[in-house]
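Dear colleague,

Please find below the structure that I am passing on to you, together with its sequence. My notes on the charged side chains follow it.

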Amino acid sequence: VTMNPVVGLDVSKGESQVQAFLDKGKPYRKSFSIKHTLDGLESLLEFLRDIEKLADGKQPSVILESTGQYHMPVIQFLEEQQYVYIIVNPLISHRARSTNLHKVKTDAIDAYHLCELYYKEELEPYKKRGIQLLNLRNLTRQQETVSSTAAQTKLQLQSILDQVFPEYRGVFGNLYSKISLQILLIFPTSKEVLSVNESDLTNKIAELCTTRSEKWAKEKAISLREAALRNPFQNNLYQSHIFNLRMFINIVLQYQEHLSKLAAEIDALAKEIEEYEIIQSIPGVGEKIAATIISEIGEIERFNHPKKLVAFAGIDPSVYSSGRFTASINRITKRGSSRLRQALFMAVQCGIRDARKQKTSDEIIPRNKKLREFYDKKREEGKPFRVAIIACANKLLHWIYALLKRKMAFQNTD
C-alpha cells in the first residue's frame, strides 16, 4: 500500500510550526518550529526529504492556511523546490477544528489539525489542483526552453542557407512552414531544382501540401524555379554545406513537432483549470500566454493585494534613496518570475496592436481597447515606449488580479 505523507505548516510572522504525518492516523515526531530564514527553510527541506525516504520515496504534500503575506517566503521556497502545496481558506480549517470537542488554540495543535484535514475528502479538489498547477508550470517552462533552442537552430539554418541557396527565402511566405522546409529538404540547391521539370515540381508541392489548391502549387513551382535561376551559387562546391543544411532542417522539423505536442498537452491540462478561460477573455491573451500566466501565478490566494502580485512579477519600480536624495529614474525591480513578466509584455503588445490582418485605414483598431487607450495616454504624457509598455503590464496585472479574485471574465466595453 502506498503511503500518503503530508506536512502541516501553521504559518505566523517570520516562523512556522511544522507537523508531519507519514499516512492517515500516523503522526511522525513532535511538531517543531522553523524560522523563515535561509537556514530555517533549508532545515525544512531536509525534513521534507527525510519524510520522503520514510514514506518509500513518496514526496510529501504541504498544507497551510492562507495568512495574507506571512506565507509568501514559504510558498516561494516550496515552488522552487517543486513541492505540491495546498493553501486552505482559514474558514475550512476552522470548521474542521470546531468539530473537535477540545477547544485548544496552539500553533502545534493547528499544524496537527491541518494534517488531519488533509486526509478528509473535501480537500481532494485542492490536491488535484496543486498537482495540475505544478504540471502546467513544468510544461510551460519546457515549452519556453525548447522554443529558445529552436530559435537558435533556425539562425544556424539561415546562416547555411545564405551560403547555399539564399534566393529560396522568398519562395514560401514563411521559410519555416512545414511545406517550405520539406521542399528545401528535397531540393536544397539550384541544381536539384532545375534537374526536374515544372510539372514534377508542382506535383511534389501539391503532394506535400494537400490543403492548398493546384494553382497555388503551380505558382510556388514557378517561383522556386525562378529563385533557382537567380541563385548566385549555381554549383555548390561544398557538399558539407548541403549535409549541414539538411541536418538543421530535420532538427527544426523535429522541434516543431515537439512544440506542437507540448502546446496540445498544455492546452488539455490548462482547460481543467477554470482560470484558463477567465484569463483568455482578455483580448491579446492567447492559449500560450494564458497557460504561462496561470502556472506562474499559481494560487491567487497567495496574494492579498494586487501590488504583491506586481512585485512578484518584478514590474514594480525600484526605489533608490539615500538621505535626502531620491532617484528620479527608477528601473523595474526584475525580481520574482521572469517568465510571468515576459508573458505580460507579450500580452500587452498583442493587446495594443491593430487586430486586422490587413489595414484598410490609418486608424488603429486594437484587440484591447481599454489597454490601447491607457497606452496612448501614457505616450501623450511623454513616456517612452518601454515605460508605457511596463505601465500597461502593471495595469493588465491589476485586471488579472481582479478577474481571478472575482472569477469573472473581462469586459472590453467602452
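Lys215 counts as exposed in this predicted model, because its relative accessibility of 60% lies over the 50% cut-off. The side chain of Lys215 meets that of Glu219 in a salt bridge, at 3.6 Å from N to O. Both residues belong to helix 9 (residues 214-230), where a spacing of 4 residues places them about one helical turn apart. Glu219 is partly exposed, with a relative accessible area of 42%.

A second salt bridge joins the side chains of Lys407 and Glu274, at 3.8 Å from N to O. This pair links distant parts of the chain, 133 residues apart: Lys407 is in the segment after helix 16 (385-406), and Glu274 is in the loop between helix 10 (239-270) and helix 11 (275-280). Lys407 is partly exposed at 45% relative accessibility, and Glu274 is partly exposed with a relative accessible area of 45%.

Salt bridges with shared partners also join Lys378, Glu381 and Lys383 into one network.

Lys35 is partly exposed, with a relative accessible area of 49%, while Glu15 is partly exposed at 29%.

With kind regards

Key. Residues numbered from 1 in each chain as written. Predicted model: local features only at pLDDT ≥ 70, side-chain atom pairs only at ≥ 80, totals over all residues. Heavy atoms only, no water. Buried < 20%, exposed > 50% of the residue type's maximum accessible area, 1.4 Å probe, protein only. Salt bridge = Lys/Arg side-chain N within 4 Å of Asp/Glu carboxyl O. Helix = DSSP H or I, 4+ residues; strand = E, 2+ residues; numbered from the N terminus.
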